[in-house]
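Try each task before reading its solution.

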2 protein chains.
Amino acid sequence: MDTNHRQNYQELQEISLKTKLFMGISSILSWDQETMMPVGAAPIRAQQLKAMAGLIHEHRTSKEFRKVLERLIDIDTGKILATDLTVPEKAALVRWRRDYLHERALPQKFVEEFAALTSQSQVIWRKAKEKNAFQDFAPYLTKIVQMIKKKADYLGYEDHPYDALLDQYEPGVKAKKVSELFHEVKKPIVELLKKIQSKKQVEDSFLFGRFPTSKQIAYGRKILDAVGYTSEFGRVDFSSHPFSSSSHPRDSRITTRIHPTGVMSNISVLLHEAGHSLYEMGLPEEHYGSPLCEAVSLGIHESQSRFWETRIGQSKSFWSHFYPLLQKTFKTQLNTVSLESFYKAINKVEASFIRVEADEVTYPLHVIMRFDLEMELIEDKIRIEDISEAWKDKVETFLGIRPDNDREGCLQDVHWSLGAFGYFPTYLLGNLYAAPLFLAFSKDYPDWEKKFAKGELLFVRDWLSKKIYRFGRQYDSVELIENATEMTFSAKPYLDYLHDKYAEIYG
Amino acid sequence: MDTNHRQNYQELQEISLKTKLFMGISSILSWDQETMMPVGAAPIRAQQLKAMAGLIHEHRTSKEFRKVLERLIDIDTGKILATDLTVPEKAALVRWRRDYLHERALPQKFVEEFAALTSQSQVIWRKAKEKNAFQDFAPYLTKIVQMIKKKADYLGYEDHPYDALLDQYEPGVKAKKVSELFHEVKKPIVELLKKIQSKKQVEDSFLFGRFPTSKQIAYGRKILDAVGYTSEFGRVDFSSHPFSSSSHPRDSRITTRIHPTGVMSNISVLLHEAGHSLYEMGLPEEHYGSPLCEAVSLGIHESQSRFWETRIGQSKSFWSHFYPLLQKTFKTQLNTVSLESFYKAINKVEASFIRVEADEVTYPLHVIMRFDLEMELIEDKIRIEDISEAWKDKVETFLGIRPDNDREGCLQDVHWSLGAFGYFPTYLLGNLYAAPLFLAFSKDYPDWEKKFAKGELLFVRDWLSKKIYRFGRQYDSVELIENATEMTFSAKPYLDYLHDKYAEIYG
């Protein structure tokens with residue numbers, strides 16, 4: 001081992017650690033903005049986030065960082081010079097270089113302005129959503145789309161500007177590939193939906209009624225304890241759009257949303273966001289500062305959240321254990337409802353307007369619709385002022401229903417206000433990744449249903465830790481899934497799962 | 001007007017504004033640490049705060065900052081070069097220079113290590129307090145005192161190292177002056193206390209009983225609304241040691257502590273902390289970045305909090321309005337208690353262990369005692385391991401009672417864990433400043449009692465804004481008080497007030 005390489009690697013990790021500290025601080029500020037901050041502080045918070053974004057950019061593109069990095073890897077060609085480092089370390093160098101090239105492509109001023117604009121836009125979006133007034137948000141969206149296009153130009157791309165945007169969230173995956181995958185799943189899903197719509201609808205009225213918030217909070221805590229989401233390193237708050245926010249493996253917070261008239265929203269959200277946070281909490285802390293203590297991509301992140309939310313939280317065996325507890329908590333509402341009826345109810349398929357509340361079958365269609373819209377926006381095929389109507393048209397085409405307002409239409413999601421174009425596809429990629437992963441899991445634990453039925457869930461986290469968490473960004477998403485599952489990645493397990501599960505439920 | 005001076009001044013404010021943003025971010029991190037942060041995140045938060053402290057120090061001592069500053073004021077001699085700036089602007093230059101000299105005196109490494117140590121120590125202190133185990137905190141206190149002495153050396157002083165420490169919190173005031181002032185007030189207060197102790201004690205048992213937390217919160221909100229503490233720019237949370245934390249005039253948060261068995265603690269704390277936050281909220285935002293949008297000193301800060309807590313919140317006229325509302329909120333407990341009895345009860349004088357819960361007469365003795373102890377520590381007249389007993393001895397000498405544990409002794413306050421030596425004297429200075437200030441206020445509003453009795457309080461904030469808030473750091477503390485009161489500052493108004501008020505209550 002060349003001791004210089006070892007020393008340089010350590011130095012690189014130390015420099016990056018400081019940058020990570022600042023990124024963690026930014027996460028806290030954003031979390032605070034969504035959960036705690038007094039509303040009048042919005043303008044100053046925008047300035048604070050802008051200053052942090054500038055600082056982080058400065059650090060990520062500093063000469064000091066470059067100097068150490070280029071001793072280990074050739075920045076122009078990507079050739080690894082420190083060939084005697086370990087395999088994971090060499091993978092880390094490749095990621096560090098990729099991040100550096102991306103970061104260097106964006107001028108500091110652009111980064112700061114983008115941070116200030118999106119911090120402000122979030123506040124405007126929230127108010128516009130409350131008032132159901134797209135026109136209030138439209139001028140901000142216009143500016144955001146302009147900056148997004150500029151960003152794609154700065155980042156560079158071969159085929160399509162969308163590739164540059166997508167690459168920020170799902171490195172290595174191209175818009176063309178997404179388009180093909182989405183095309184492949186869209187048709188069978190639409191057919192499945194049609195078949196389901198021709199069947200007798202399941203009864204779910206008992207999921208709605210009076211479910212006092214305090215009881216929902218206490219019940220939610222039990223589920224979080226069972227899955228291993230500990231309050232030693234996390235906490236649960238409320239926000240308009242639930243999220244998981246991690247500033248370090250030891251500080252990974254989630255938010256939820258409770259409807260006092262519906263029992264399932266809080267439970268689904270908690271499992272989903274805990275899925276994200278468990279991933280972050282499970283990253284190998286000893287590599288903090290290096291890509292080996294970072295999540296691979298948003299698609300992999302989403303595979304984790306959907307794994308817990310849908311594959312576990314909408315399974316019959318999970319509820320074999322948790323349903324009796326739920327009945328006990330909400331006696332008057334659920335005492336006479338059987339486990340079988342409950343299971344069918346929480347898997348009811350029905351076209352609806354809100355993506356995050358959609359069932360497993362219509363969910364992918366929501367995502368594909370947003371992907372189509374974003375492509376049209378980037379390609380200038382649609383004007384901002386037409387978004388509200390275009391959204392409604394798309395929902396009608398995909399789902400056969402039409403929203404009559406923007407709160408349930410184009411204002412429902414926070415992402416555009418965050419400037420997060422290219423983000424939506426990862427929601428469906430996550431589902432696609434989760435399917436083969438669950439197959440592999442069930443092969444490793446043929447008795448998983450028995451364990452779930454006893455309320456045992458910590459072994460799932462441990463399995464995911466072994467297969468996913470501990471690698472950090474050592475592999476790209478598809479590679480990681482293929483390693484974990486020992487299968488070639490395809491959409492088949494996902495389509496099979498949906499078909500088999502819903503064939504059984506709807507007969 | 002020399003346009004260069006104008007431009008340079010603006011540039012100086014812009015550079016400083018960025019530093020202020022980072023300082024505001026640090027405030028949010030500290031606030032989060034005390035109120036929201038998962039306990040397991042303590043080590044990483046210490047690192048984050050250390051990184052921010054280093055960054056702030058870097059900015060405050062940067063060549064860029066110095067270059068612009070020295071165009072306006074001679075850094076070595078303090079001679080103002082930009083003589084054509086306005087009087088407040090010239091005062092700002094003097095403060096900027098003073099801050100720069102202080103900041104430059106501290107090595108970056110020292111600043112970072114101090115931030116990390118005190119962030120960690122707070123967590124240790126909190127646990128030690130819970131466990132009532134001074135020995136757990138002692139090793140940290142040892143390190144802190146070592147660093148504090150080093151800090152005094154770095155900062156420099158003429159007569160006594162304590163001057164350097166005090167100067168951080170109360171610029172321009174020396175340990176000798178404090179010692180004289182404290183000596184001047186100690187004797188008459190001890191005599192007053194003795195006289196009171198010879199009289200019949202007032203009855204206050206009705207202040208203790210069952211006061212449900214949720215009702216206390218709602219009642220507290222009414223008081224906050226009345227004094228003008230708006231949730232648009234603030235929020236209220238809970239913490240072990242209540243505090244006010246401001247990251248900007250538009251984001252100034254407070255915390256409180258509620259005893260479900262006592263009604264007054266929450267009310268006093270809210271008025272106290274709101275007093276601090278109203279000051280911060282009232283600073284002239286247009287000068288954000290310059291000393292003209294900063295508080296003068298901790299003594300002036302404390303004059304504001306005590307003004308609201310004691311001079312208003314323990315006055316009969318305030319309660320003429322608020323007591324009927326309190327009776328309505330807690331019927332069973334207070335229905336048969338008259339306003340007169342209530343007023344006497346909340347002003348009951350009795351030696352006790354906890355400073356923040358002390359009455360107005362014993363409060364100054366708590367502060368003097370800590371000042372004496374800190375002086376002994378700095379002068380190496382006492383060893384850390386003897387602090388626990390020395391504290392108990394001091395309490396016995398000053399108040400005639402002896403705590404039998406550290407939770408009610410030397411572990412009661414957060415300050416030492418924060419490394420805030422030199423801070424305590426400002427608590428008494430604040431009371432001393434508040435007295436002439438209230439005299440001046442009552443001259444400007446001879447009908448203040450009538451107004452209070454109608455629940456009118458916003459005019460107090462507006463008066464303070466005119467006399468205190470709007471000047472930022474244009475004046476030093478004594479100068480500001482003398483300007484506001486048109487009197488030479490002395491301890492007399494404070495001693496007169498205590499004497500007259502308690503002579504009436506205790507006959």
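**Exercise 1.** Describe how helix 9 of chain A passes helix 12 of chain A.

*Solution.* Start with the handedness: the crossing is right-handed (the near helix is turned clockwise from the far one by less than a right angle). Next, take the axes, which are lines fitted to C-alpha atoms over the stretch in contact, with angles from 0 to 180 degrees between N-to-C directions. Those of helix 9 (residues 213-227) and helix 12 (residues 316-329) of chain A come within 11 Å and cross at roughly 155°. Helix 9 of chain A is therefore roughly antiparallel to helix 12 of chain A (angles over 145 degrees).

This is a predicted model, where local features need pLDDT of at least 70, side-chain atom pairs count only at pLDDT 80 or more, and totals for chains, interfaces and linings use all residues. Residues are numbered from 1 along each chain as its sequence is written, chains are lettered from A and ligands numbered from 1 in the order in which they are written, and side-chain values use heavy atoms, leaving out hydrogens and water.

**Exercise 2.** Work out how chain A and chain B are related.

*Solution.* First superpose chain A on chain B: a rotation of 180° with 0.0 Å of shift along its axis does this, at RMSD 0.0 Å. The copies are thus related as by a two-fold rotation axis. Then compare interfaces: 100% of the interface residues of chain A are also interface residues in chain B, so the copies meet through the same surface.

**Exercise 3.** Find the salt-bridge partner of A:Glu89.

*Solution.* The partner is A:Arg6, with the closest N and O atoms 3.1 Å apart (the cut-off is a side-chain nitrogen of Lys or Arg within 4 Å of a carboxyl oxygen of Asp or Glu). A:Glu89 lies in helix 4 and A:Arg6 in helix 1 of chain A, 83 residues apart.

How values were computed
Helix = DSSP H or I, 4+ residues; strand = E, 2+ residues; numbered from the N terminus. Parallel < 35°, antiparallel > 145°, perpendicular 65-115°, else oblique. Least-squares fit on C-alpha atoms with pLDDT ≥ 70 in both. Contact = heavy atoms within 4.5 Å.
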